[in-house]
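Please walk through this model with the structure open beside the text.

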Amino acid sequence: MRVRGIALGVALATLVLVPGASAAVRAPTHVHVVSATPGSISYAWSGPRGARFVTFRDGVRTGSTTARSRTYGGLFCSTSYRLGVEARTRHATSRRRVVVGSTATCPPPVFGGSGDLFVAPGGSNASPCTQAAPCRSFDRAYRLADPGDVVEVAGGRYRSQIFGPKAGAAAPDVRIVASAGQRVVVGDLGARVGCLGFEGATYVSVEGVETSYAKVGGQLHQCGVSVGREHSHHVTLKDIDAGMIWFGADDVTVLGGDFGPGIDENTKIEWGSGHAPRNILIDGAVIHDARMYRQHQECLALWGGLDITIRNTHFYNCAVFHVWINGEAGDVIENVTLENNLFTQPGPNPPPISSTIKVGDHGETLKNIVIRGNRVLVDDIYVPIGYGGGKGDVHLFDNEVTHGISLGSGQNCMRDAMYTPKPGVLYECSGNHFG
């Protein structure tokens with residue numbers, strides 16, 4: 001049965017009175033759900049003249065208005081929400097009224113049929129993940145999959161997806177793949193980090209998925225990805241669209257994809273699960289728009305790790321630095337290669353930066369840092385390693401730069417030379433040129 005085109009479960013929403021700090025202002029009345037789609041709910045109310053109305057979704061304030069209605073979009077289908085409203089004047093706040101309603105039923109999933117297991121927004125984790133009875137979470141399908149299986153994910157919005165440990169996981173990877181031509185968006189409403197997370201998962205690949213957006217300091221921020229908690233390893237991200245990646249795991253590969261914008265959150269490679277991550281590859285990605293609100297920011301910070309390669313990647317619109325390789329006293333960062341990357345700052349209104357690439361110097365040891373074949377079209381490469389108590393060897397080959405290469409020793413890296421300005425420090429320069 002349907003009422004005015006709305007599922008009966010929506011029309012018969014439940015009204016709740018939430019105690020407030022003051023009853024001097026009359027509380028809104030006739031709070032009711034007006035309409036619902038699979039991804040949105042509209043609700044309305046009556047209220048006193050001259051008041052502003054503060055709105056809430058699941059107890060979280062979402063704004064204020066002089067209107068007597070509100071529509072929320074970007075919601076999850078077949079999901080209940082508590083929609084609240086208070087009336088406020090300069091001196092008083094009414095009690096809050098809350099109506100409980102649901103978005104409409106999830107539409108039938110569309111699958112290409114190429115998977116071994118299937119996931120859909122309207123699926124159930126009690127299901128066997130077949131095409132006829134899909135699961136609702138990526139992790140449920142991952143746990144049921146055999147090595148090498150493909151999990152096909154139907155288009156739609158999903159809550160944040162976290163992969164946990166799986167007994168017996170082994171190569172080849174279980175592949176979690178968005179259905180061809182469909183948008184798969186993951187992330188809890190308002191989430192900033194961890195919309196796609198790997199917490200103990202191993203031998204898994206996620207392909208063609210994007211994360212949701214939120215606002216941070218009034219700026220658009222895309223939710224991030226976390227790889228490495230609880231000893232995850234052998235994780236691949238292919239053609240992912242997200243805000244940032246936190247790397248704390250071994251054997252992580254990023255192929256293509258778009259990472260940004262991120263506000264006060266940047267892509268980081270650092271200690272996780274008790275040790276510095278090893279065997280990290282980023283190839284062919286775009287990393288951009290790391291913006292500052294309250295924190296120092298760069299597009300990519302490498303604060304710990306061994307055997308790390310970043311190549312064929314475009315960095316742009318980065319605050320402070322595009323790439324910062326830096327550890328603390330006693331840390332060792334070893335075998336890092338930055339090659340064939342492009343660094344630009346096209347705007348509009350790009351943030352000012354200190355250096356494009358900065359290597360050190362907080363007293364760490366940097367071994368075999370190779371920076372070669374990059375095009376640096378904004379600011380300089382700055383290599384002060386050795387002048388903050390640290391040591392190591394940095395090799396700069398065949399880079400095209402517009403503002404030069406600044407060495408902590410003050411020596412000239414735009415000519416071919418090897419410098420040992422102090423014990424334990426080596427700079428090697430070859431083939432660098434102005435573009």
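What follows moves from the sheet to a hairpin, then to the cores and the salt bridges.

This is a predicted model, in which local features need pLDDT of at least 70 and side-chain atom pairs count only at pLDDT 80 or more, while totals for chains, interfaces and linings use all residues. Residues are numbered from 1 along each chain as its sequence is written, and side-chain values use heavy atoms, with hydrogens and water left out.

Start with the sheet. Ten strands form an open sheet, in the order E14-E17-E22-E25-E29-E32-E35-E38-E41-E44. Strands here are DSSP runs of E with at least two residues, numbered from the N terminus. Two strands count as paired if DSSP finds at least two bridges between them. The pairing in this sheet is parallel. Its edge strands are E14 (161-163) and E44 (405-407), and each pairs on one side only. From one strand to the next, the twist averages 15 degrees. Such angles can run from 0 to 180 degrees between N-to-C directions, with axes as lines fitted to C-alpha atoms.

Now look at one pair in detail. Strand E32 (residues 298-302) and strand E35 (residues 320-325) run parallel and share four bridges. In one of the bridges, glutamate 298 is partnered by phenylalanine 321 of E35.

Strands E20 and E21 (residues 219-222) run antiparallel, joined by four bridges. Valine 216 has glutamine 219 of E21 as its bridge partner. Two residues lie between the strands, and glycine 217 in the turn has a positive phi of about 60 degrees. Side chains alternate along E20 (residues 213-216). Ala214 and Val216 point to one face and are buried. Buried means under 20% relative accessible area, exposed means over 50%, and partly exposed lies in between (1.4 Å probe, protein chains only).

Next, the interior. In soluble globular proteins, nonpolar side chains tend to be buried together. Here the largest nonpolar core has 79 residues. A nonpolar core is a set of buried Ala, Val, Leu, Ile, Met, Phe, Trp, Tyr and Cys residues joined through side-chain atoms within 4.5 Å. Phe138, Phe163, Ile176, Phe198, Leu237 and Ile325 have the most contacts inside this core. A second, separate core has 18 residues, including Val25, Phe76, Tyr81 and Leu83.

Finally, the charged pairs. How many salt bridges does the structure hold? There are ten. A salt bridge puts a side-chain nitrogen of Lys or Arg within 4 Å of a carboxyl oxygen of Asp or Glu.

Arginine 311 and aspartate 283 form one, at 3.0 Å from N to O. Arginine 311 lies in strand E33 (residues 305-311) and aspartate 283 in strand E30 (residues 278-283), so the pair ties together parts 28 residues apart in sequence. Arginine 311 is partly exposed at 28%, whereas aspartate 283 is buried at 19%.

Arginine 372 meets glutamate 339 at 2.9 Å, N to O. Arginine 372 is partly exposed at 34%, and glutamate 339 is buried at 14%.

Arginine 375 also forms a salt bridge, with glutamate 400, the closest N and O atoms being 3.4 Å apart. Elsewhere, Glu86, Arg88 and Arg96 are linked in a network of salt bridges.
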